Amino acid sequence: AHLFDPMMAVYTSNIEPLPHQISAVYEDMLPRQPLRFVLADDPGAGKTIMAGLLIRELLMRADAKRILIVAPGALAEQWQDELFEKFATIFEMFSKEKQEQCASGNYFVEQDFLIARLDQISRSEEYQNLLKNTDWDLIIVDEAHKLSAHYYGQKVEKTKRFELGELLGSLTRHFLLLTATPHNGKEEDYQIWLSLLDGDRFYGKFREGAHKVDVTDIMRRMVKENLLKFDGTPLFPERIAHTVPYKLSDEETQLYKVVTVYVREEFNRAEKLENGKRAGTVGFALTILQRRLASSPEAIYQSLRRRGVRLESKLREMEVLQRGGQSNTILHYDLKEYDQEDFEDLEDADSNEAEATEDEILDATIEMHNKMTDNFSLSLTQIDLLNRYHNEFCNKNKWTSMPAPISISWLEKNYDLYL
């Protein structure tokens with residue numbers, strides 16, 4: 001088919017491709033054998049369409065029989081739907097249930113067209129061992145910047161995702177990474193990431209002049225301003241940014257300063273923890289506080305409201321204990337050790353799941369703070385004081401409507417108890 005029409009995939013797909021999509025597939029990717037490439041166009045350029053065109057063209061040219069797509073969990077079903085609707089290609093979705101029920105004991109072997117969720121595979125040694133017994137013609141990784149590794153001094157800290165990326169690269173002839181943000185601002189981390197495509201070329205820590213920095217042969221990046229329609233007009237309207245100043249009210253300014261001071265002091269305390277991951281968790285919890293404060297009045301309001309519900313449960317528990325009764329709802333929080341990979345997962349989670357996880361981290365960090373200060377349980381008096389403050393605050397509809405003498409004076413004296 002490709003000998004009759006070199007662009008047969010374009011005319012047999014349910015799409016109307018744009019010039020940059022055609023050039024990406026037929027000029028930048030197909031001529032490369034084998035393909036080891038990063039497609040890093042800006043968001044909105046249609047990287048899924050480009051990948052679909054590549055898949056269909058390789059199939060029509062009999063250059064690929066087994067294809068694996070690895071994508072974040074939130075995008076996996078979207079990939080499956082688009083490949084079917086636009087390219088008439090049916091991909092199965094890897095799952096725990098399908099793996100348990102498959103006759104061969106290895107679902108990766110049974111399926112030639114498969115989509116797998118990034119973290120489901122990266123966090124399971126069992127699934128990775130199954131993958132090691134397979135080979136593929138094409139593997140595509142979406143949101144590939146998540147396959148990150150970092151330098152700490154002279155030591156490379158590889159995330160589970162990065163190690164999965166190394167494994168995937170060893171199992172396939174064509175390896176395509178999709179991302180809109182290939183560079184995180186650190187050149188040494190960028191070079192490690194590129195080693196997924198060419199380990200020999202980008203081996204070792206980056207040193208200016210020691211590594212070749214021209215990556216045009218393994219990467220294509222087009223920004224929105226350069227994307228055009230067939231008639232030469234811009235695909236996206238011109239983006240004009242204006243800085244709109246916003247002046248905080250006196251109450252917001254004072255509270256923001258108080259939280260900032262607290263975050264700075266607690267960050268310093270977190271750095272003294274022997275456990276590096278636990279220190280990182282404390283730092284993340286503190287960042288949550290400041291981010292919610294800066295986000296909007298509604299964000300901090302809802303955060304305090306949810307906190308109040310948990311405090312009321314704690315208050316009831318302590319009242320029962322004080323009367324000598326028994327409680328089945330004792331709240332103790334274990335501070336899990338979160339790493340950078342866990343924090344990045346929150347980007348993929350929906351808003352409710354992300355907020356629940358953040359609240360869990362906050363509660364556990366507060367509990368750990370009490371242990372560190374030899375005050376394992378908050379006293380009934382403290383809880384009652386905090387609960388009354390919370391009700392006073394959360395009954396207000398807007399942040400700025402809170403009476404300044406009550407809120408600021410109380411917080412200046414007791415903010416370490418709350419936070």
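## Close-up views of a predicted model

**Figure 1. The largest nonpolar core.** Of the 39 residues in the largest nonpolar core, those touching the most other members are Leu68, Phe108, Leu131, Val141, Leu168, Leu177 and Trp193. Helix H9 gives the most to this core, with five residues. Apart from this core lies another, of 37 residues, which includes Val10, Ile67, Leu83 and Met93. The model shown here and in the other views is predicted. Its protein chain has 17 helices and nine strands. Buried residues make up 48% of the 419 residues in the chain. Among contacts in the chain with a separation of 6 or more, 72% come from residues 24 or more positions apart.

**Figure 2. Helices H8 and H9 in contact.** H8 covers residues 125-132 and H9 covers residues 160-171; the two pack at an angle of about 15°, with their axes 10 Å apart. The two helices are therefore roughly parallel to each other, since angles under 35 degrees count as such. H8 passes H9 in a left-handed crossing. On the H8 side the contact is made by Gln128, Leu131 and Lys132, and on the H9 side by Leu164, Leu167, Leu168 and Leu171. By type, the residues of this contact are five nonpolar, one polar and one charged. Leucine 131, leaving aside residues up to four places away in sequence, touches Leu68, Phe108, Ile121, Trp136, Leu164, Leu167, Leu168 and Leu171.

**Figure 3. Surroundings of isoleucine 121.** Isoleucine 121 lies in helix H7, residues 118-122. With a relative accessibility of 1%, isoleucine 121 counts as buried. Leaving aside residues up to four places away in sequence, isoleucine 121 touches Phe94, Phe108, Ala116, Tyr127, Gln128, Leu131 and Leu164. Gln128 and Leu131 belong to H8, and Leu164 to H9, in the contact between those two helices. Isoleucine 121 and lysine 160 are 39 residues apart along the chain, and their C-alpha atoms are separated by 9.4 Å.

Figure 4. H2 spans residues 19-29 and is mostly covered, with nine of its eleven residues buried. The buried residues are His20, Gln21, Ile22, Ser23, Ala24, Val25, Tyr26, Asp28 and Met29. The loop between H2 and S1 holds proline 34. The peptide bond from glutamine 33 to proline 34 is cis, with omega near -5°. Most peptide bonds are trans.

**Figure 5. Helices H3 and H4 in contact.** H3 and H4 (residues 73-87) pack at an angle of about 60°, and their axes are 10 Å apart. That angle makes H3 oblique to H4. Their crossing is right-handed. From H3, the residues Thr48, Ile49, Ala51, Gly52, Leu53, Ile55 and Arg56 meet Trp79, Glu82, Leu83, Lys86 and Phe87 of H4. The contact divides into seven nonpolar, two polar and three charged residues.

**Figure 6. Helix H10 and its neighbours.** H10 (residues 187-194) is largely enclosed by the rest of the structure, because six of its eight residues are buried. These are Asp189, Tyr190, Gln191, Ile192, Trp193 and Leu194. The buried residues of H10 pack against H9 and against strands S1, S6 (149-152), S7 (155-158), S8 and S9.

**Figure 7. Two loop residues with positive phi.** Most residues other than glycine have a negative phi. Alanine 62, in the loop between H3 and strand S2 (67-71), has a positive phi, near 60°. Alanine 62 is exposed, with a relative accessible area of 62%. Glutamate 143, in the loop between strand S5 (136-141) and S6, also has a positive phi, near 50°. Glutamate 143 is partly exposed, with a relative accessible area of 27%.

**Figure 8. Phenylalanine 236 in its loop.** Phenylalanine 236 lies in the loop between S9 and helix H11 (250-271). Its relative accessible area of 25% makes phenylalanine 236 partly exposed. Leaving aside residues up to four places away in sequence, phenylalanine 236 touches Gly44, Lys224 and Leu227. Asparagine 226 is ten residues from phenylalanine 236 in sequence and 9.1 Å from it in space, C-alpha to C-alpha.

Note on methods
Residues numbered from 1 in each chain as written. Predicted model: local features only at pLDDT ≥ 70, side-chain atom pairs only at ≥ 80, totals over all residues. Heavy atoms only, no water. Axes fitted to C-alpha atoms, helices over the stretch in contact; angles between N-to-C directions. Helix = DSSP H or I, 4+ residues; strand = E, 2+ residues; numbered from the N terminus. Parallel < 35°, antiparallel > 145°, perpendicular 65-115°, else oblique. Left-handed = near helix turned anticlockwise from the far one by under 90°. Contact = heavy atoms within 4.5 Å. Nonpolar A, V, L, I, M, F, W, Y, C, P; charged D, E, K, R; others polar. Core = buried A, V, L, I, M, F, W, Y, C linked by side-chain atoms within 4.5 Å. Buried < 20%, exposed > 50% of the residue type's maximum accessible area, 1.4 Å probe, protein only.
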